[in-house]
Amino acid sequence: MSQTLTEKILSRAAGKNVSPGDVTEIKVDIAAFHDLTGYHVIEVMEKAGMLKVFDKNKIVIAFDHLAPPPDVRSAEIQDQIRHFVKNLSIPNFHDINVGILHQLLLEKYANPGYVIVAADSHTTTSGAVGAFAQGLGASDVAAAVITGKTWVVVPEPFKITLESKPNKWVNGKDVALKILGEFKADYFNGMSIEVFVREPSAFPMDFRATVSNMGIEMNADALMFVPDSETVNYIKTMRGYEPPVIQPDSGAKYKDEYTIDLSKLEPLVAAPHSVDNVKTVGEVEGLEVDQVYIGSCTNGRLSDFEMAAKIMKGRRVKTRCIAIPASYDLFKKSMELGYIDTLVQAGCVVTYGTCGPCLGGHFGVAGPGEVMVSTSSRNFKGRMGSPESKVYLAGPAVAAATAVEGKITDPRRFS
């Protein structure tokens, strides 16, 4: 029987053929957590009297949410997790100076066909390379860390096809917002999204990671890009080897299909207070903004900073602007290519590898009545600071143009 990518991955992990609706136990290839959730994962393990891991080489831990720690409690939690790492000799531990967990999974660990679980909803990011990646609660992740297994209800696969090439200033955020605007935030409950790219090089890994990251905003169980030449080239460049490629069978059955012509997309914005309150940038253009945030596990990658630097080159920002590459490696590459210098010269505050303002944690949260434009994943009331603030989600080009003008601006005004 022909199988979708979802069915192939979960059948391999279950050790038997599975179909949508099946409830089955599966083996995991990676189990992960970060500082904010890791404390709870370890607490569950301690209460169960089972401080052990199924395979220390398949556990990944990163400090990112409150890193460096902005308060004493955060420092205490990170210290406790460091002791856990030391006591169990976990090799894949990334302290405050390395990067955001989801970006590190993408850069260093995720492979096509993997099952990845982590104690954070944006684990779906690893779907960019064709992994079935889910965020789970602390108890489920603790069980996966101990046993190497979890359980799933096999989701119904939904097929999305990307055709043609995106225009200048359009990137993965606009594709994610297009899907959210068309289907709304709860449509894909109980489904997995499989994305086929007609011209692989036209939609690079940075763009794919943004779309996969926001799969959870679509309420999908997973959002996976079908592995292709772009997938192979990315992993070979990042890690020096060619991964095995797993693809759906021809004739595989999907719940439904949807096609996006990338050449017809324009810059989009999600207005407060919902990710699916999607508008064209022209519909909100001119709104005065207090702060811009460029970064996060959604849009903190090299191409995002390239777009921002092209717009900010030789200009000064008229808003507060926080810029945070998602990992040290991305920060370093952005420095080497001059992007960081350009943003600093433009007046941005720059650091790396922290979630910071995305969750309203630190490093630039919104105050009462303030308006923010953010390249992050969520704009719920109070998400990035005061519940009396307003957050508009956008791609890096809209964010950079907005910072330069001090009001929401269509980046197509810039050459």
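**Rings that pair up**

Let's begin with the aromatic rings: there are 14 aromatic pairs to be found here. Keep in mind as you look around that this is a predicted model.

F203 and F207 are both buried.

Now hop over to F331 and Y352. Here the ring centres are 4.9 Å apart, but the planes are at 35°, so we call this pair tilted. Where do F331 and Y352 lie? F331 belongs to helix α12 (residues 328–336), while Y352 is in the loop between β16 (349–350) and β17 (371–374), so the pair ties together parts that are 21 residues apart in sequence. How do they stand on burial? F331 has a relative accessible area of 15%, so it counts as buried, because the cut-off is under 20%. Y352 comes out at 22%, so it is partly exposed.

Rings can also join up into a group. F158, F183, Y187, F188 and Y258 are linked into a cluster by ring pairs.

Find Y39, and you'll see the charged end of R73 sitting over its ring, 4.9 Å from the centre. Likewise, K159 lies over the face of F196, with 4.6 Å to the ring centre.

Is T161 buried or exposed? With a relative accessible area of 4%, T161 is buried. Setting aside neighbours within four places in sequence, T161 is in contact with F196, R198, Y258, T259 and I260.

Last stop: helix α8, which covers residues 229–239. At its start, a side-chain oxygen of D228 comes to within 3.0 Å of the backbone nitrogen of E230. Which residues of α8 are buried? They are E230, T231, V232, Y234, I235 and R239. What covers them includes α4 (101–109) and α7 (205–213). Just past the end of α8, have a look at G240, which takes a positive phi of about 85°.

How values were computed: Residues are numbered from 1 along each chain as its sequence is written. This is a predicted model: local features need pLDDT of at least 70, side-chain atom pairs count only at pLDDT 80 or more; totals for chains, interfaces and linings use all residues. Side-chain values use heavy atoms; hydrogens and water are left out. Buried means under 20% relative accessible area, exposed over 50%, partly exposed in between (1.4 Å probe, protein chains only). Helices (H or I, at least four residues) and strands (E, at least two) are DSSP runs, numbered from the N terminus. Contact means heavy atoms within 4.5 Å. A polar contact is a pair of N or O atoms within 3.5 Å; within protein, one must be able to donate a hydrogen and the other to accept it, and residues adjacent in sequence count only if both atoms are side-chain atoms. Rings of Phe, Tyr and Trp (its six-membered ring) pair if their centres lie within 6.5 Å; planes under 30 degrees apart count as stacked, over 60 as edge-to-face and the rest as tilted. A charge sits over a ring if NZ of Lys or CZ of Arg is within 6 Å of the ring centre and within 35 degrees of the ring normal.
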